[in-house]
Amino acid sequence: MDCEVPSIFKQQNFNAFGYELPLTPFQFHSIIFSLFASLVAPFGGFFASGFKRALKVKDFAEIIPGHGGITDRMDCQFMMGFFVFLYIQQFVFGRLNYIQGIAQYVLTELNQDDQLLLFNEL
């Protein structure tokens, strides 16, 4: 049986900080996600804590007693999800390269109700 390996799993050379790294695109993107998740996403928790202090609220909910609720457990996940979406759209699919790309994405990928909601939010 013959099957072709997708290009995302074929080894390429990536230049990073003056070094040539023999990686597959999947490995390269995984490293980027790992670095963001470990270095930047935890600041979502700090942001949420600052937001709670500004509102003088101890916990966002009491579903998980002593842990601040689901929102407190998921604050860095929101930041990570937003980053992954933008990263994939920009660097993997290459859809959001320009303002025209964003406009084209909105017009072709969103249904009419979502377009109207976006328009009203802007």
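1. Across the whole structure a search finds one salt bridge, the term being applied where a side-chain nitrogen of Lys or Arg lies within 4 Å of a carboxyl oxygen of Asp or Glu. The partners are Lys10 and Glu4, whose closest N and O atoms are 3.7 Å apart. Lys10 is partly exposed, with a relative accessible area of 37%, whereas Glu4 is exposed at 67%; here buried means under 20% relative accessible area, exposed over 50%, and partly exposed in between, with a 1.4 Å probe and protein chains only.

2. A note on the basis of these values: this is a predicted model, in which local features need pLDDT of at least 70 and side-chain atom pairs count only at pLDDT 80 or more, while totals for chains, interfaces and linings use all residues. Residues are numbered from 1 along each chain as its sequence is written, and side-chain values use heavy atoms, with hydrogens and water left out.

3. The protein chain contains five helices and two strands, arranged along the sequence in the pattern β-β-α-α-α-α-α; helices (H or I, at least four residues) and strands (E, at least two) are DSSP runs, numbered from the N terminus. Of the 122 residues in the protein chain, 19% are buried.

4. The buried residues in α1 are Pro25, His29, Phe33 and Phe36. They lie on the same side of α1, because they cover an arc of only 65 degrees around the axis, the arc being that of the directions from the helix axis to the C-beta atoms.

5. Helix α2 (residues 43–55) gives a similar check, since its 13 residues should span 18 Å at 1.5 Å a residue and its end C-alpha atoms are 18 Å apart. Its buried residues are Gly44, Gly45, Ala48 and Lys52. These cover an arc of only 100 degrees around the axis, which puts them on the same side of α2. The face turned away from that buried side carries the exposed residues Phe46, Phe47, Arg53 and Ala54. Just after α2, Lys56 takes a positive phi of about 55 degrees.

6. Seven aromatic pairs are found in the whole structure, where rings of Phe, Tyr and Trp (its six-membered ring) pair if their centres lie within 6.5 Å, and planes under 30 degrees apart count as stacked, over 60 as edge-to-face and the rest as tilted. The rings of Phe14 and Phe28 are stacked, because their centres are 4.4 Å apart and their planes are at 0 degrees. Phe14 lies in strand β1 (residues 12–16) and Phe28 in helix α1 (residues 25–39), so the pair ties together parts that are 14 residues apart in sequence. Phe14 is buried at 17% relative accessible area, while Phe28, at 22%, counts as partly exposed.

7. The rings of Phe33 and Tyr87 form an edge-to-face pair, because their centres are 5.1 Å apart and their planes are at 70 degrees. This pair links distant parts of the chain, with Phe33 in helix α1 and Tyr87 in helix α3 (residues 69–92), 54 residues apart.

Definitions and conventions:
The expected span of a helix is 1.5 Å times one less than its number of residues.
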